[in-house]
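Good morning, colleagues. Please look at the structure on the screen while I describe one of its sheets and the helix that goes with it.

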Amino acid sequence: MNVYEEQEKLLEALKTKKLVLFGASECALNTIKECSNFFLEHKIAYFCDNNKQKEGTLFRNTIIQLPERLVEEKDSVVILITSVHEAEIRQQLKNLYIVEDVYSHHLLRDSDKIIKESSQIDDEKTMEVYNLLQDERSRYVYQQILKNRKHKKLTFPLDIIDTDQYFVDDIFKYSKEEVFVDAGVLDGYTSFEFIKKVHAQFKRIYAFEPDGISCNKLAQILKSQEKEIYEKIILIPKGLYDCNGVLKFHTLGNGFSFINEDGNTQIPVTKLDDCVSEQITFIKMDIEGAEKCALLGAKEIIQRDKPKLAICIYHNVADLWEIPLLIKEFVPEYKFYIRHHTNLFYETVLYATIE
C-alpha cells in the first residue's frame with residue numbers, strides 16, 4: 001500500500017470513526033497543523049498519553065485520556081501516533097490487541113516528501129553502494145528500502161527490521177577506551193544505551209544537541225547520574241556542520257527539530273574537526289538531514305582516527321548513496337553495512353568499520 005492508498009484508507013475510516021492522537025506533545029502540535037491541511041482537526045475526539053499525570057487535563061483545549069480508554073473504544077476510533085516513540089507505542093497497542101486503524105503521523109507530515117523523492121533515486125549510484133556492502137543482510141535490506149521508496153511506501157516489510165539500533169552486535173566491537181560522539185543526543189537515550197553496551201567502561205562521550213529545550217532537559221538528567229558517569233559526558237549545545245557559525249533552526253523541543261533557513265531561532269554550529277582534539281573511536285549521527293554536512297566537517301577526524309560510524313541515511317533520499325560514497329572517499333578501507341530499525345521509512349542506518 002503506497003502513501004496515497006494509506007491516506008485514502010485513513011480518510012475513509014474517519015467518515016465513521018473518531019480521531020485520537022496518541023502522544024500529547026510537540027509532535028502532536030505539528031500533526032494538528034497537518035490535520036488542518038486535510039480538514040481533520042475537527043475530527044480529533046481526544047488525546048491519549050501514557051503519562052498518568054496528564055489524565056483529565058487539556059491539551060489544545062482537548063482532553064487527555066489514558067490508553068485504557070482505547071481498549072473500550074477500539075472499534076470506533078482511528079489512532080494517529082504523534083510521538084517520537086512510535087515503535088514502542090505500536091507494540092503497546094498490539095499488546096492491547098489494537099492493530100487496525102493505527103497510523104503514523106508521518107502519513108500526514110511526510111507524504112509530499114515521500115512522493116517527491118520516489119522519482120529521485122539514482123540507480124547507478126545505488127548499485128555502486130550495493131556492491132560495497134559486506135553481507136547479504138545489508139544487500140537485502142538496501143534493496144527493499146530502495147524498492148519501497150520508489151513505490152512511495154510509508155510502511156516497510158517487517159523482515160527488514162533489526163533491533164539494537166546503532167549498536168549491532170555482529171558489526172561493532174568495543175574497548176574500555178571508547179570515545180563516543182553522539183550527534184543529535186536529544187534526551188540522552190542513545191548515549192545511555194551506549195553506556196549499557198560497554199558496561200559503563202568508556203573514556204568519554206561528546207554529546208551534541210543544538211535544540212535548547214532538549215539540551216536543557218538533558219542537562220538536568222545528566223546531573224542525576226552517578227558522578228563517575230556524569231564527569232565523562234561533555235554536553236555541547238551546538239549542531240555539527242561543515243562550518244563554524246550560526247544557522248537558522250526550527251526548534252520543536254523533540255527529535256524533529258532541524259536546520260532550516262525559515263527556522264524560528266538560530267543555533268551555533270561547529271565542525272567536529274575544530275571541536276574535539278582527542279582520538280575518537282565511535283561517531284553516531286541522527287541530525288535530521290544534516291548528516292552529510294556534519295561528515296564533511298569531521299573529515300579530518302574520520303581520516304585520522306577511522307572511528308566506527310553509525311550514520312542515519314534516511315532523512316533525504318540522496319543520503320542513501322551520497323553518504324556511503326562520501327565516507328568511502330574519506331577512508332577507502334571502511335567496510336559498510338546497512339540496517340533498518342522500524343517498519344516505517346525512517347531509521348535506516350549506515351554502519352562503517354575498518355575491523
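Predicted model: local features only at pLDDT ≥ 70, side-chain atom pairs only at ≥ 80, totals over all residues.

Four of the five residues of strand S1 (18-22) are buried, so S1 is largely enclosed by the rest of the structure. Buried here means under 20% relative accessible area, exposed means over 50%, and partly exposed lies in between, with a 1.4 Å probe and protein chains only. Strands are DSSP runs of E with at least two residues, helices are runs of H or I with at least four residues, and both are numbered from the N terminus.

Residues are numbered from 1 along each chain as its sequence is written, and side-chain values use heavy atoms, with hydrogens and water left out.

What are the neighbours of S1? On one side, S1 and S2 run parallel and are joined by four bridges. Two strands are said to pair if DSSP finds at least two bridges between them. Val20 stands opposite Tyr46 in S2, and Phe22 has Cys48 of S2 as its bridge partner. S1 also pairs with S5 in the parallel sense, over five bridges; there, Val20 is partnered by Ile79.

S2 is likewise mostly covered, with four of its five residues buried. Two bridges connect S2 to strand S4 (residues 62-65), again in the parallel sense. In S4, Gln65 is the bridge partner of Cys48, and Ile64 is that of Phe47.

Taken as a whole, the sheet is open and has six strands in the order S3-S4-S2-S1-S5-S6, with mixed pairing. Its edge strands are S3 and S6 (102-104), each of which pairs on one side only.

I turn now to the helix. S1, H2 and S2 form a right-handed β-α-β unit; right-handed means that, with the strands pointing away from the viewer, the path from the first strand over the helix to the second runs clockwise. H2 covers residues 26-37, and its 12 residues should span 16 Å at 1.5 Å a residue; the end C-alpha atoms are 18 Å apart, which agrees. The expected span is 1.5 Å times one less than the number of residues.

Which residues of H2 are buried? They are Cys27, Ala28, Asn30, Thr31, Ile32 and Cys35. Their cover includes strands S1, S2 (44-48), S3 (58-59) and S5 (77-81), together with helix H5 (106-109). After H2 comes Phe39, whose phi is positive, near 60°.

Finally, the whole chain. The protein chain holds 14 helices and 17 strands. Its radius of gyration is 21 Å, close to the 20 Å that the globule rule gives for 355 residues, so the chain is as compact as a globular protein of that length. That radius is taken over C-alpha atoms, and the rule is 2.2 Å times the number of residues to the power 0.38. Buried residues make up 52% of the 355. Of the contacts (heavy atoms within 4.5 Å) with a separation of 6 or more, 70% come from residues 24 or more positions apart.
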